[in-house]
Amino acid sequence: MFLPARKTSWIQWGFTRFNRLFLNYHFNNLQIQHPSTVPDEKTLFLINHSTWWDPLFIFYINDRLVKSDGYGMMHEEGIRRFPFFRRIGAYSVNGEDRRHLVQSLRYSKHLLEQGKTVWIFPQGNEQPLEKRPLEFFSGISYLTQQCPDIKVVPVSLYYALEHTKKPNAYIRLGEALPKEEYVRLPRKEMTRYFEYAATKQLDELRQDVIEENLHSFKKL
């Protein structure tokens, strides 16, 4: 059964403060690079998914930078185990149940049409950080076709153990992808376009971390 988000303001307030402390305690450094203008409504954010930490970073990025009325897909199994996440904007998705998947995509469409931001892991499940290709599902292209006025923005998360005991987290929030490059593509080709753009951005972020080319990053 599809489970919509049930945001509760006081729970969001408390979790925001907990999440800031929690991430800063477990990571040595949180750094981000982003364009001068960051969209805060009617935007579909596409994030690579490799760790348990990723949803917490989505919430953190939205809290500290984007500051939107944001919502995110969460696997049905996880949201049933931790229903608390519905109170901060998560809603369920189950790619193995077609009816559930359709309901989740329609709900996403409704949110975008209402001016919200939607944060999605297009890989579906967690995959190793270095795995290629990223293998995106086609639901993101369905949403783009159904909501032609939205922006599509890739977000790259990269984790590294470097010179300190705790790991570092690096984030690249990209530019909105140019619509003229994908708007007329068939759904399958559009999905591959998004996958390629996200992969390229993630690989460039990895290379910058390896080369310690971090002058354009700032502490988040």
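I take a salt bridge to be a side-chain nitrogen of Lys or Arg within 4 Å of a carboxyl oxygen of Asp or Glu. The model I am working from is a predicted one.

**Entry 1: salt bridges**

With that criterion I looked for networks and noted one that links Glu 130, Arg 132, Asp 203 and Arg 206. My search of the whole structure gave 13 salt bridges.

I looked up Arg 20 and found it bridged to Asp 63, with 2.8 Å between the closest N and O atoms. Arg 20 sits in helix H1 (residues 9-26) and Asp 63 in helix H2 (residues 54-66), so I logged the pair as a link between distant parts of the chain, 43 residues apart. Buried or exposed, which is Asp 63? I noted a relative accessible area of 15% for Asp 63, which makes this residue buried. Arg 20, at 27% relative accessibility, is partly exposed.

Next I checked Lys 116, whose side chain meets that of Asp 69 in a salt bridge (2.8 Å, N to O). I placed Lys 116 in the loop between H4 and E5, and Asp 69 in the loop between H2 and strand E3 (70-75). The pair therefore ties together parts that lie 47 residues apart in sequence. I have Lys 116 as partly exposed at 22% relative accessible area, and Asp 69 as partly exposed at 30%.

I recorded 41% relative accessibility for Glu 113, hence partly exposed.

**Entry 2: helix H5 and its surroundings**

I then turned to helix H5 (residues 139-146), which packs on helix H6 (residues 187-210) at an angle of about 110 degrees, with the axes 8 Å apart. Angles of 65 to 115 degrees count as roughly perpendicular, and H5 and H6 therefore fall in that class. From H5, I listed Ile 140, Ser 141, Tyr 142, Thr 144 and Gln 145 in the contact; from H6, Arg 187, Met 190, Thr 191 and Phe 194. Sorting the contact residues gave me four nonpolar, four polar and one charged.

How many of the eight residues of H5 are buried? I counted six, so H5 is mostly covered. The buried ones are Gly 139, Ile 140, Ser 141, Tyr 142, Leu 143 and Thr 144. I looked for what covers them and found, among others, strand E2 (43-47), helix H4 (98-113), strand E5 (117-120), strand E6 (151-160) and H6.

Methods: Residues are numbered from 1 along each chain as its sequence is written. This is a predicted model: local features need pLDDT of at least 70, side-chain atom pairs count only at pLDDT 80 or more; totals for chains, interfaces and linings use all residues. Side-chain values use heavy atoms; hydrogens and water are left out. Axes are lines fitted to C-alpha atoms, for helices over the stretch in contact, and angles run from 0 to 180 degrees between N-to-C directions. Helices (H or I, at least four residues) and strands (E, at least two) are DSSP runs, numbered from the N terminus. Angles under 35 degrees count as roughly parallel, over 145 as roughly antiparallel, 65 to 115 as roughly perpendicular and the rest as oblique. Contact means heavy atoms within 4.5 Å. Ala, Val, Leu, Ile, Met, Phe, Trp, Tyr, Cys and Pro count as nonpolar, Asp, Glu, Lys and Arg as charged, and the others, Gly among them, as polar. Buried means under 20% relative accessible area, exposed over 50%, partly exposed in between (1.4 Å probe, protein chains only).
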